[in-house]
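Biologist: Let me test the labels on this one. Show me the structure, and I will ask what each term rests on.

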Amino acid sequence: MRSFLEHAEQTRTRPGSGFDIEVTEEVKRSVMASCDVRGILEKWGVQPTLGSNGQWSGYCPDHFIHDGHPQHQPKWTMNAENGDCYCFTSSRGSNLIYLARRIYQLSTNEEAIRWLTNGEALAAAPPEFVFDERTAEEDIEREQHRLEELSKGVETVRRLVSRRHLSDECLEYFANDGITKDTLDALGVCSVESGWLEGRAVIPFIDSEMELCGYVAVCYKGKEWWVKTQYDRLKKADPKTSIVSVAANYRKALYCSGFLSGSHLFGLYEGLFYDGTPRRLDRLVVVEGERDAMKLLQEGVECVSVHGTSIKDEQRTAIKAINPKTLYLGFDMDAAGCKAAVKEYDRLFTEMECVRCVNFPDGKDPKKFSSRELEEILADADRSTFENLAARQEIYDRFRQDARQKKQPAIAQ
Ligand SMILES: [Zn+2]
């Protein structure tokens, strides 16, 4: 009788196959039957007890991964049959196999199963489990769908950009951050007055081929306006309809459908390599938001936005390829930004010539500073990167402390 792992091994060695074991119900049950569940849970600090209801319970084993600290109360349960588990503090479901993957940072289910079962063959007979081939087909379909969506989005932005329309209200919105019309024109930003993107400023994205590759549409008219407009629209379409809430659907920033923000650095080809020729930069500042990047570029600071709080793998690879003499990490001063700054510094300082942690005074966003102030802030980062990192860590710790204290009374009740 062949074990899963043998079967998987054979599939894997087939040319061109990169398939992993799919976690089906049968696989889950076989894994649970083949491993020392109590021993594993003890090793993970769960302090497990097995109830008569067929449920393991204890402390959430990967709580420090998803919540950044250990669970304070044993509010985690796992089905003893199939290993499906649930963390009640964070309302997160998972499975023993995925837990092992996360805790040991394994890249495949197969490795996780191997770890859980000590590399032994699984006890139960291999059921008719399904390998990822079907899923691979689905992946291709999904990818095709994404590309179609993307090309529609790119067509939309091409049309909008060619109109070069910028309303006064939109100009004022950017002017509040000190972003000028010249900057907006240079980056091809335009405002939309009707249709689906009404009330939004479209910021186009450009790739290394100097082609339009996506956009983000920022609502410059504000949430209140958006909610009222949607409400009126729905009422007009059907006066009898009862509307519970449209506010929950509000998104300040809408990304082009199908656009993968994790592989794009905004500002690189839009502003820095606008002629399409990459060159080595003396410095590069990484910020979260597109508008931050727009402002810094306007102020003569070499800058890219990562479209969010974290640098994704492809973005990190691109940054390393640009290889600036100094990389400045300019995340926001909130808890998420501080966590990212400390984490990314740890990750990059051994891999790059020089990495600096930038702290913006008074907790303000990067876009709130003038050219002269920004130069001073960067000079300060050169002098006191370690102090800045310590301050960032402190902000993050305080946030976690506050979050914990807020939880305390609820637990005491
Ligand atoms: Zn948890």
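Modeller: Start with pairing: two strands pair if DSSP finds at least two bridges between them. Keep in mind that this is a predicted model.

Biologist: What makes β4 and β5 a pair?

Modeller: Strand β4, residues 84–87, and β5 share four bridges in the antiparallel sense. The cut-off is at least two bridges, so they pair. Within β5, Arg-92 is the residue opposite Cys-87.

Biologist: In which order do the five strands of the open sheet run?

Modeller: The order is β1-β2-β3-β4-β5, with antiparallel pairing.

Biologist: Why are β1 and β5 called edge strands?

Modeller: Because β1 (49–50) and β5 (92–95) each pair on one side only.

Biologist: Which helix lies across β3, β4 and β5?

Modeller: Helix α5, residues 96–103. Its direction makes an angle of about 95° with β5.

Biologist: Which residues of α6 are buried?

Modeller: In helix α6, residues 109–116, they are Asn-109, Glu-110, Ala-112, Ile-113 and Leu-116. Buried means that 20 or more other C-beta atoms lie within 10 Å of a residue's own.

Biologist: What follows α6?

Modeller: Asn-118, with a positive phi near 55°.

Biologist: And how much of the protein chain is buried?

Modeller: Of its 413 residues, 33% are buried. The chain has 16 helices and 13 strands.

Note on methods:
Residues are numbered from 1 along each chain as its sequence is written. This is a predicted model: local features need pLDDT of at least 70, side-chain atom pairs count only at pLDDT 80 or more; totals for chains, interfaces and linings use all residues. Two residues are in contact if their C-beta atoms, placed from the backbone, lie within 7 Å. Axes are lines fitted to C-alpha atoms, for helices over the stretch in contact, and angles run from 0 to 180 degrees between N-to-C directions. A residue is buried if 20 or more other C-beta atoms lie within 10 Å of its own, exposed if 12 or fewer, and partly exposed in between; C-beta atoms are placed from the backbone.
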